[in-house]
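Please examine the local geometry and packing of the model shown below.

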Amino acid sequence: MTGGNWGKVLKVDLTTGEMEDVEIPEQDYRDFLGGSGLAAKWFFDHQGWKAEPLSPENPLMIMNGPLSGTTLPGVSRLEICARSPLTGIWGEASMGGHFSPQLKRTGYDGIIVTGASDKPVYLYVTDDGAEIRDASHLWGKDTYETEELLKQEVGDKRAQVISIGPAGENLVKFACVMNDRGSTAGRCGMGAVMGSKKLKAVVARGNKKFPVADEAAFKQAREKMNELLKFSLVADGLRNFGSNVHMEYGMAIGDVPTKNWRLAYWAPGPEKLGGTAVAESILVKTHSCFACPISCKRIVEVKEGPFALEEGPGSEYEAAAALGTLQLLDDREANHKLNELCNRYGMDVISCGSTLAYATEAFEAGLIGEEQTGGTKLGWNQPRVLIDLVEKTARREGFGNDLAEGVRAMSEKYGGKEFAIHVKGLECPMHDPRALWAMALTYATSIRGACHCADANLYIELGILDVKELGAKRTWPYSVRGKAAQTVAAQKKGVIANSAVICEYAWNAAGGSISDMAMMLNSLTGFGYSVDELAKVGDRIWYLKRALGNLMGVTREDDRLPSRILEPHLEGTTSSLHTAVYPQFMSLVPMQKLKVEGFRNFTAGILSKYLYPNMDKMLTSLNKLPGFSGKRKKLEQGDLEEKQKKTVAFDEMIGEYYRLRDIDEQGRPSRRRLEELGLKQVADALHG
């Protein structure tokens, strides 16, 4: 093994207590990179799809990639993968923070856990090997307490901990895995998989220098990526206001789901919950993952009041929306309190918030009553009710036991499937396909269910990235033309990011170039990828994962979206403003190529001081212009033609997508396409 990887993973059987080092063939690294790509390869080879999600046989894979844990910017990430207890299909969740670098320095590329312990345990991994240790004293403690106690127990503050909270112990279907308090492997219920194995935590502490194929090329790659981020206006927005910088312009263009995806626009969203409002009120400082120059994480404090919280991680965009606008919650402090509770209990904020919003609407519709909730009256903008329900969900107490099953299971029990917003059982992230049409394809065809990180469409739709080096054109808002080809190219970027592994914020803020990715990977691995070869790797991983989904029962019928998020909003007027925003963001990309520090500082100052804090008001004022006001008036009057224009043309887009991907009527990739990518065994398993 030349560099980037160690060539081995640690395999732990918690049933027998046996551990072994397993060598990975170099060709597997070349073909599947690492991270979720290599995990999918392992999962297929060992027939993981046959295991029930919460059974001992379901392998839990904690995987670094070749970039992970090095000193390149934005690569303090790993992937945690298994069959999901929430969806029943392939599950993966990406985590930043500080654990990945420590795992890298132990000499392992990943940890694969099988079996199940009969008592709570944690795994301690160092340069010298691994130990399975008793964790009975930690069972029941939240993730903040667990992390602190384990660092004390191993006697090394530099040790890093990933752990589950009570939600994972209680097998809440959307339980997550936490590190560094605010860094989460959030989606698909990986925390419940750990809980089913009685694995409370993994502690890593390493001292080995990560292997590099070409030190000079690696240094050059690091300098280039840091330089790109230095002049990136996208990075600057993330640094100043966190990922929640999106709330301002997202609300203006109709991209922020509100009141369970019913309401088109809600001014208190950006005014109370947005990144600029947080920066002016409860922000204490910023925080970063290991070796990241952006520092997009927020550290907040609420000193007093009913929602007081100690200094700690604040809501990122997804939490601000899922636990805020989605509940029509206008209390900033309460939103951050809810976020903190999810972190401590170890629950995915997207799934948790979505399930609560569904329950509120179901209660409003009379599908759920006080006899089910234990006397609690659900309603919009009820922070104390939300806090009570979050706590009951984590502990599976009373009505919380239903909530812990997620939106799909709730709607199957109580009804209201038309407002249970999920795809393949995974609750939709906080970006609205009615604003960004390609997100409809993203959600429908993402392997793990509705996911905004599976491809680069979000950034392309906002005008920040393009896909021309992959032979596709960037498309225009509210247009069908080219969306399928754009999505195929965007998915190559997504699977490469999740296999390399790199933060999508950092990579995309630096331009999101495949040639830059090849530069970084080649310096570490020495594999000499060209852009075309790396794109083929991306395709290979995507098709393997799609086939895994098929083997676990996914068909074309599962590639569907709820009509609520395709048709114009039930309340208010669906926005057309993205046609105005889109060209503005396209202009940010060439501007950051002008590497003149004074110009960059001037531009960044204008953006941070005037543009971001006022973006919502500036954009919504455009609604008074004739081009926009006329469309609004037609929608308000129920004009059928205008309603049709504002309905996402999903069937047309996905038909073209299936053609480009060579997907058959059953939703399977063709044998020919699989064999072209060297996946004959996969083709045999799928087609017989």
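Which residue in strand 6 is the bridge partner of Met61? The bridge partner of Met61 in strand 6 is Ile112.

## Basis of the model

This is a predicted model, in which local features need pLDDT of at least 70 and side-chain atom pairs count only at pLDDT 80 or more, while totals for chains, interfaces and linings use all residues. Residues are numbered from 1 along each chain as its sequence is written, and side-chain values use heavy atoms, with hydrogens and water left out.

Helices (H or I, at least four residues) and strands (E, at least two) are DSSP runs numbered from the N terminus, and two strands are said to pair if DSSP finds at least two bridges between them.

Strand 1 (residues 8–13) pairs with strand 2 (residues 19–23) in the antiparallel sense over five bridges, and Lys11 stands opposite Glu20 in strand 2. The hairpin of strand 1 and strand 2 has five residues between the strands, and there Gly17 takes a positive phi near 80°. Strand 1 also runs parallel to strand 6 (residues 110–114), to which four bridges join it, with Leu10 opposite Ile111 in strand 6. Strand 3 (residues 60–63) is likewise joined to strand 6 by four bridges, but these two strands run antiparallel.

Among the buried residues are Lys41, Trp42, Phe43 and Phe44. Just after helix 2, Gln47 takes a positive phi of about 55°.

## Packing of helix 19 and helix 30

Helix 19 (residues 438–445) and helix 30 (residues 650–661) pack at an angle of about 60°, their axes being 10 Å apart. The two helices are therefore oblique to each other, given that angles under 35 degrees count as roughly parallel, over 145 as roughly antiparallel, 65 to 115 as roughly perpendicular and the rest as oblique. The contact (heavy atoms within 4.5 Å) is made by Ala440, Leu441, Ala444 and Thr445 of helix 19 together with Phe650, Met653, Ile654 and Tyr657 of helix 30.

## Backbone features in loops

Arg181, in the loop between strand 10 (177–179) and strand 11 (183–185), has a positive phi of about 65° although it is not a glycine, and at 26% relative accessibility Arg181 counts as partly exposed. Cys188, in the loop between strand 11 and helix 6 (190–196), has a positive phi of about 80° and is not a glycine either; at 1% relative accessibility, Cys188 counts as buried.

A cis peptide bond, with omega about -5°, joins Ala500 and Val501. Val501 is found in the loop between helix 21 (483–500) and helix 22 (504–509).

Note on methods:
Buried < 20%, exposed > 50% of the residue type's maximum accessible area, 1.4 Å probe, protein only. Axes fitted to C-alpha atoms, helices over the stretch in contact; angles between N-to-C directions.
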